[in-house]
Amino acid sequence: MASRATALLAAEQELLLTDLVLAECVYVLESFYEVERARIAELMRSAIALPSIKTLDPASLLRTLDVYEMERIDFAEAYLVAQAEATGVGEIVSFDRSIDKVRTVSRREP
């Protein structure tokens with residue numbers, strides 16, 4: 001499958017990489033293939049940088065990967081942090097205490 005996917009990426013002129021698909025890639029690499037967090041972040045950054053790949057908000061996805069890698073929190077929570085920062089909301093309502101590691105946002109329990 002990897003060789004077929006690589007061939008497709010090389011052949012296509014334009015492909016949409018949605019936030020959800022990137023999250024699924026992170027999940028599969030992390031849970032099924034047991035790839036290290038830093039390597040996952042590196043691979044996903046490389047995918048976003050491909051000329052044929054289009055995303056809705058590449059800066060937000062790159063920030064998500066930074067938070068995911070550096071703060072060592074789950075991708076979904078890292079995405080929430082990046083979105084809170086980007087929108088200026090600054091506060092996340094969540095039971096997940098791992099968000100407290102990130103100093104750019106605050107977390108409030110419901």
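**Salt bridges, a helix pair and a loop residue**

Glu109 and Arg107 join their side chains in a salt bridge, 3.3 Å from N to O (a salt bridge being a side-chain nitrogen of Lys or Arg within 4 Å of a carboxyl oxygen of Asp or Glu). Keep in mind that this is a predicted model, where local features need pLDDT of at least 70, side-chain atom pairs count only at pLDDT 80 or more, and totals for chains, interfaces and linings use all residues. Residues are numbered from 1 along each chain as its sequence is written, and side-chain values use heavy atoms, with hydrogens and water left out.

**Salt bridges**

- Searching the whole structure turns up nine salt bridges.
- Arg107 and Glu109 also belong to a salt-bridge network with Arg97 and Asp100.
- Arg107 counts as buried, at 18% relative accessibility, while Glu109 is partly exposed at 34% (buried is under 20% relative accessible area, exposed over 50%, partly exposed in between, using a 1.4 Å probe and protein chains only).
- Glu91 pairs with Arg108 in a salt bridge, with the closest N and O atoms 3.3 Å apart.
- Glu91 sits in strand β3 and Arg108 in strand β4, so this pair ties together parts 17 residues apart in sequence (helices, H or I with at least four residues, and strands, E with at least two, are DSSP runs numbered from the N terminus).
- Both partners are partly exposed: Glu91 at 35% and Arg108 at 44%.
- Arg39 and Glu42 make a salt bridge too (3.3 Å, N to O), and both lie in helix α3 (residues 37-49), three residues or about one turn apart.

**Helices α2 and α4**

- The axes of α2 (residues 19-31) and α4 (residues 58-70) come within 11 Å and cross at roughly 25° (axes are lines fitted to C-alpha atoms, for helices over the stretch in contact, with angles from 0 to 180 degrees between N-to-C directions).
- That makes α2 and α4 roughly parallel (angles under 35 degrees).
- On the α2 side, Asp19, Leu22, Val26 and Glu30 meet Leu61, Leu65 and Tyr68 of α4 (contact means heavy atoms within 4.5 Å).

**Asp96 in its loop**

- Asp96 is in the loop between β3 (91-93) and β4 (106-108), and is partly exposed at 23% relative accessibility.
- Apart from neighbours within four places in sequence, Asp96 touches Glu77 and Arg107.
- Asp96 and Asp19 are 77 residues apart along the chain, with their C-alpha atoms separated by 21 Å.

Definitions and conventions: Parallel < 35°, antiparallel > 145°, perpendicular 65-115°, else oblique.
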